[in-house]
Amino acid sequence: MSTPPTRRKPRTDAERNRDRVLEAARALFTEHGFDVQMSEVARVAGVGVGTLYRKFPTRDVLIEAVAEQRSAEMAAFARARCLAEDDPSQALDLFLRHVGEVLAGDRGMSEVIEQAMGSTEPRGEARAALHGVIAELIDRARAGGVIRPDATTADVNMIVCGLAAVIRHSAGDWRRYAEIALDGLRPR
């Protein structure tokens, strides 16, 4: 009976290269759209093309990694800043406004993610982390009596999807949309 091989922790320089690639890809895709060449991402990141392709064998794999990173950053913000907010009503507001700021700043990246993945909806671990922190925000708001008792994670996710659509299609003031949506979550 053999023991499964243990996964080695990535070297610090490999992690740094991965972070530089993701940062470069996010900036380039945001500014120039889906047709950015992988060689351009490698050049801006300051890594060789071989290094890029070892970590991200296709453009879609790279785009999915950027999408996961963006979702993880939103979840980390919610954990660090929103859950630390004393007022649970303000915590949810802070979360939706942060998501709006990220999506508005990364509008081009959202279009690239949708083109590559068919949706901007987070997947896998990123989705679970984001939904987990949203559930905590809802539980706190429910305990504080500042959200309708029937509000769910799916409701907030639906608001985030609507917020993304408003931003992506320039369908109005996303801040106003968030304000109206939050009003809909308040108890009657």
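I call a crossing right-handed if the near helix is turned clockwise from the far one by less than a right angle, and left-handed if anticlockwise. I am working from a predicted model.

**Entry 1: α8 and α9**

I looked up how α8 passes α9, and the crossing is right-handed. Helix α8 covers residues 153-168 and helix α9 covers residues 174-185. Their axes come within 10 Å and cross at roughly 160 degrees. I count angles over 145 degrees as roughly antiparallel, so α8 is roughly antiparallel to α9.

I then listed the residues that make the contact. From α8 they are Asp155, Val156, Met158, Ile159, Gly162, Leu163, Val166 and Ile167. From α9 they are Trp174, Tyr177, Ala178, Ala181 and Leu185. I sorted the residues of this contact by class and got 11 nonpolar, one polar and one charged.

**Entry 2: α4 and α7**

Next I took helix α4, residues 59-82, and helix α7, residues 124-143. I find these two packed at an angle of about 25 degrees, with axes 8 Å apart. The cut-off for roughly parallel is under 35 degrees, and α4 and α7 are therefore roughly parallel to each other. I note the crossing of α4 and α7 as left-handed.

On the α4 side I have Glu68, Ser71, Met74, Ala75, Ala78, Arg79 and Cys82 in the contact. On the α7 side I have Ala126, Ala129, Leu130, Gly132, Val133, Glu136, Leu137 and Arg140. By class, the residues of the contact of α4 with α7 come to nine nonpolar, two polar and four charged.

**Entry 3: cavities**

How many cavities of 30 Å³ or more does the whole structure hold? My search found four. I followed up the largest cavity, which has about 60 Å³ of space.

Which residues line the largest cavity? I have Pro88, Ser89, Leu92, Ala141, Val146, Ile147, Leu182, Leu185 and Arg186. The lining divides into seven nonpolar residues, one polar and one charged.

I also checked which helices supply the lining. Helix α5, residues 88-105, and helix α9 each give at least two residues. The largest share, three residues, comes from α5.

**Entry 4: cross-reference**

I went back over Leu185.

Conventions
Residues numbered from 1 in each chain as written. Predicted model: local features only at pLDDT ≥ 70, side-chain atom pairs only at ≥ 80, totals over all residues. Heavy atoms only, no water. Axes fitted to C-alpha atoms, helices over the stretch in contact; angles between N-to-C directions. Helix = DSSP H or I, 4+ residues; strand = E, 2+ residues; numbered from the N terminus. Parallel < 35°, antiparallel > 145°, perpendicular 65-115°, else oblique. Contact = heavy atoms within 4.5 Å. Nonpolar A, V, L, I, M, F, W, Y, C, P; charged D, E, K, R; others polar. 1 Å grid on protein atoms, 1.4 Å probe; cavity = no way out; pocket = protein on both sides within 12 Å on 5 of 7 lines; lining within 4 Å. Points joined across faces, edges and corners; volume = space filled by probe spheres on them.
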